[in-house]
Amino acid sequence: MLSIIISSYKPDYFSALEKNIAETCGIPYEIIKIDNPGLMGICEAYNKGAAKARFDNLLFLHEDVEFVNQNWGREIIIRLQQEKIGVIGLAGSNYVPFSPFAWWEHLKNTFINIIQCDQNKNIIKKYSLIQDINTITLDGVFLSCRKNLFNEYKFDEAIKGFHGYDLNFSTRVAEKYTNIICHSIVLKHFSEG
């Protein structure tokens, strides 16, 4: 029911995440690993992964994460069954300025549902929400959508590297659909970024 696409460059992170997903997802899934030690931008990697997906629901996921709660896969499916929902994320903003920006620069309009850790897995800050939040932009650490929606928008391969792709994707989708930050999926992110 869920195709999980991961652009991977650190085998130890990937192995730990693969085990974590098996223990927590709670629904049938497949993992599509795109080995990417600097071979291509994340947009190209994610588009290649999505083309291989067998299921109708997709999750684009960074590999330096760990799911905390059980049955988070069901939370994705419940939301994606609603036709008005575009992309589900765990961090983002409902404000888009006219100039280039990072979604987290507008604190008043920023929403996060992630436990932020350093690379040694020490907790830096816990963010949590008590309800889903409608948003426009989403952070690329976790992006989930229906495959048919993805096929309509795809990641823009003109964006090279590993930054900005998430804002581009989520704002384009938000022109037609409602993006949300999900409150009931708890994720640890092992990056200070």
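## A first pairing to find

In strand 7, T110 is the bridge partner of S93. Strands here, like helices, are DSSP runs numbered from the N terminus, with at least two residues (E) for a strand and at least four (H or I) for a helix. Before going on, note that this is a predicted model, where local features need pLDDT of at least 70, side-chain atom pairs count only at pLDDT 80 or more, and totals for chains, interfaces and linings use all residues. Residues are numbered from 1 along each chain as its sequence is written, and side-chain values use heavy atoms, leaving out hydrogens and water.

## The three-stranded sheet

Strand 6 (residues 91–93) pairs with strand 7 in the antiparallel sense over three bridges; to count as paired, two strands need at least two DSSP bridges between them. The open sheet they belong to has three strands in the order 7-6-11, with antiparallel pairing. Strand 7 (110–112) and strand 11 (137–138) stand at its edges with a single partner strand each, so one side of each has no neighbour in the sheet.

Now for an open sheet of four strands, ordered 4-14-8-9, where the pairing is mixed. Here the edges belong to strand 4 (65–67) and strand 9, each with a single partner strand, so one side of each is left without a neighbour in the sheet. From one strand to the next, the twist averages 20°. Strand 8 and strand 9 pair in the antiparallel sense over three bridges, and C117 stands opposite I123 in strand 9.

What packs on this sheet? Helix 1 (residues 11–24) does, touching strand 4 and strand 14 (187–190). Its direction makes about 15° with that of strand 4; axes are lines fitted to C-alpha atoms, for helices over the stretch in contact, and angles run from 0 to 180 degrees between N-to-C directions.

## The loop between strands 8 and 9

N122 lies in the loop between strand 8 (114–117) and strand 9 (123–126). With a relative accessible area of 42%, N122 is partly exposed (buried is under 20%, exposed over 50% and partly exposed in between, using a 1.4 Å probe and protein chains only). Setting aside neighbours within four places in sequence, N122 is in contact with Q116 and C117, contact meaning heavy atoms within 4.5 Å. N122 and F190 are 68 residues apart in sequence, yet 8.3 Å apart in space, C-alpha to C-alpha.

K121 is in this loop too. It isn't a glycine, but has a positive phi of about 75°. Its charged end sits over the ring of F190, 4.9 Å from the centre; that takes NZ of Lys or CZ of Arg within 6 Å of the ring centre and within 35 degrees of the ring normal.

## Aromatic rings

How many aromatic pairs does a search of the whole structure find? The count is 12. Rings of Phe, Tyr and Trp (its six-membered ring) pair if their centres lie within 6.5 Å, with planes under 30 degrees apart called stacked, over 60 edge-to-face and the rest tilted. Take Y46 and F155: the ring centres are 5.4 Å apart and the planes are at 50°, so the pair is tilted. This pair links distant parts of the chain, 109 residues apart, with Y46 in helix 2 (residues 42–52) and F155 in the loop between helix 4 (147–153) and helix 5 (165–174).

Both Y46 and F155 are buried. Ring pairs also link Y46, F60, F150, F155, Y165 and F169 into a cluster.
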